[in-house]
Structures are given as structure tokens and as C-alpha cells.
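Please examine the sequence and the structure before reading on.

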Amino acid sequence: MTNDNIPKRHLLWLSDSGLDQILHAATWLRTTQEMRNMGWDVTLVTPGFSGEKEIDGVKVVGISEPSIYFIRQIIYHLRVYRFIYQLKKPIDFILFHPNTAIWMAIPRLINIVFNGKNRPYYVIDTRSLPMIPEDKMKLKDRIRFLYQESVDKWGHLWVDGRLVITKRIAQVIGIPENKVWGVWSSGVEREKFLEAAVKRQFPKGDSPVEIIYIGSLDYERNLMNMSKAVLRANEEGMNFGLTLVGEGSEKQDLEVLARQSNGIIQVQGRVKQSEIPSWLAKAHIGVLAFPNEVKFQVSSPIKLFEYMASGLPIMATRIACHTDVIGEGKYVFWAEDSNIEGLLQALRNIWQGRVKLEEMSKMATQASLNWTWKKSAEAIMEALEGGRRKALEKKE
């Protein structure tokens, strides 16, 4: 389906996180921008503030919520209901995430009972599995986990359709094939990151090879093993630096190790999205050291695409979310295991092959052409329109 043939619809998109606060806000902001560029009317709603404002150049509608746990969910969604029913233009689709699913069942039921209409179509967008290990969950984490598990298992019984981040996540959750309207991966706004490739200077001789990770600094991300592997590599006579950028549950432990590393490891708190290209320009390798666990296998990590667009060769564990994107690409150093020894061997390979980094950089930048937010937006539009068409055919 070409862009000219994509019908123009009105999508109400409910974000489950404050888009003025989260690092991965580009998932909503950039795809919304691209859909609007292609003629769709997208009303993007976010919690956290009240009224309209622009976030990173994209107009967003904010609906405020109180800070009291659970009560804020009730009040926020009551305000969402009011917003929906006060909209003066018809809505074709309402797209939302598992956290919002149970609340959207109410207006959908009302719509069917009192109006007898399918429109708007209610669609769940599933983009991740719970990340916190069960042994580290607090009470509210367990409640959230059980809730999302029930939505993942039973949500298809009442919604019109579902969108997913990868085919793998639909299979793991067990979503019936006829309910999967489409798949849309993460992407990248290439133009913002290409400047990093231009500015970067690759190391000569035995100069340090700088590695960077930007994202969540939670325990599950395997960053402690990565840090210790870098220290081991330097003990063997190699010369690496590692910069970790973000916030998360392991940040304090990583900071302790960094203070003991004689400057080899640097830990930086969360930075603005607009500053990320500058950070990437300072590095020579982008790393994703995720362990081979289901919650990572089914993902589509934004940072992988940002690394690629910025011309960074990649160091990555050989797991599905990485191999599905990179395939046979020659711009990656694979770690066959996520333990310290597996990561250390990948570092040895980088050190031995560091003369190829500049050539690999060009290949990474070229490969990022296949993973833009425009392609993600097209996938959303085609999925929603295709699902709508199937729903109408079924009704007939």
C-alpha cells in the first residue's frame, strides 16, 4: 500500500507515560509527527499536565492526574472519558496500552449498547513485557504485573484488534492470529543522529576505544557484567572506556564501581533527548548487552537504531531482538553470551578489529535507512486500516 492509498483517519492515541519525562518518548512523538505528515489526524494524549503544548515540536494534549497511587488512575481515566465525549470530531480508532486497557472496556461497551456502532475501533498496543524480576518486585509491581498478565491473556476477548512491537511478542503472549492487526517496530529520526557520524573521530593506534550505552540503568540490563568485562579487558592490556547514560535501579551500584575504575567507567544521569546525538558522537561503539531472556528477545530497542543512525558500530549479545534487526550485517561485534567472559571475548574482537571501525560506521548508517519512524508510522496506519476492513467484512 502506497502512502497515497492510505485512507486519512482520526486516531486518538493514549500514551501510558508522561511524554515530557520519558527517554523513549520518540516512540509516540515521532510516529505521530510522521502520521500527521501523511494526512492522518492524530490526537496524542499524555498524562502529567493539563492542556495542549508542544513536546519536541509535536503538539500533545495533556490530561492531569493526582499523585496518589491507584486513585490517580481512576481520576485520570475519568478525565480521559470526559475528553473523549467532548471531542467535536468523530474518532476512527482509539489506540492504547495494556495499562489503560481495562479502563477502555467501559466506553467501548457503552458505545456498543447505546449506539450499536463499531466506530471507534478499540486497539491495544503491546510493546514490552514486565521487566522487573519477580524476586525484586514490590507489592505495587506485583499488582501491575498480574494486571498486565491478565490483559495480555484476555484483552483480545473485548478489543477489536491488537498491535505489537514484534511478531515474537504476539507469539509469547498467545494473542490469537486474527486479533493481531499488525506489527510496528521502534525506529529512528535519522536526520537528528547523522550529525554524530560526521563529528566522530575514530581512535588511532592504541588510543582508547570509547563504548557507550544509553537507556535504562536497571539491574536487568546486564550493565554490571558489561562494566566488569571492560575492566578485565583493560587489565589484559586493551584500552577501553565505557560511558553509561540514564537512570535506573542499578545506577548507584554502577556509580560505586565507576569511582573505583580510575576513570575507565563513567556514569551519567538522564540527558535530554536532544542531547543524545552529542553523547553518541563522543563514542566509537554502541553497546547492548541484554541477557538472553524472553522479555528482551521480543523487544525492539530504540537505542539500537539510534546507534546505527549515528554511525556507531554495534557490540551486542546474540539474541533475537538484535539478530532480527542486524541479520548478516557486518557492522556488529557479537557477544555469544551475556556473562563477563562472553562480553570480554567480544571486547577482544573489537580491539583486534578496531582498524575497521570507520568502515563499519558507514555500514551501520546505511542499514538505519530500513528503520525510520516514517516506516513505523506507515505500519501503524496500514495495520489499523487493514484491521478495520477485516472487522467490516466480518460484520457483513
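On helix α14, the face turned away from the buried side carries the exposed residues Glu359, Lys362 and Gln366. Exposed means over 50% relative accessible area, buried under 20%, and partly exposed in between, with a 1.4 Å probe and protein chains only. This is a predicted model, in which local features need pLDDT of at least 70 and side-chain atom pairs count only at pLDDT 80 or more, while totals for chains, interfaces and linings use all residues. Residues are numbered from 1 along each chain as its sequence is written, and side-chain values use heavy atoms, with hydrogens and water left out.

Reader: Which residues of helix α14 are buried?
Author: Helices are DSSP runs of H or I with at least four residues, strands are runs of E with at least two, and both are numbered from the N terminus. Helix α14 covers residues 357–367. Its buried residues are Leu357, Met360, Ser361, Ala364, Thr365 and Ala367.

Reader: What covers the buried residues of α14?
Author: Contact here means heavy atoms within 4.5 Å. The cover includes the helices α6 (190–199) and α11 (302–309), and also the strands β9, β12 and β14.

Reader: What is the order of the strands in the open sheet?
Author: Two strands pair if DSSP finds at least two bridges between them. The sheet has six strands with parallel pairing, in the order β11-β10-β9-β12-β13-β14.

Reader: Which strands stand at the edges?
Author: An edge strand here has a single partner, so one side of it is left without a neighbour in the sheet. This applies to β11 (265–268) and β14 (332–335).

Reader: How many bridges join β10 to β11?
Author: Strand β10 comprises residues 240–245 and runs parallel to β11. Within this pair, Thr243 stands opposite Gln266 of β11. The number of bridges joining the two strands is four.

Reader: At what angle does helix α13 run to β14?
Author: Axes are lines fitted to C-alpha atoms, for helices over the stretch in contact, and angles run from 0 to 180 degrees between N-to-C directions. Helix α13 (residues 340–352) lies across β9, β10, β12, β13 and β14. Its angle to β14 is about 155 degrees.
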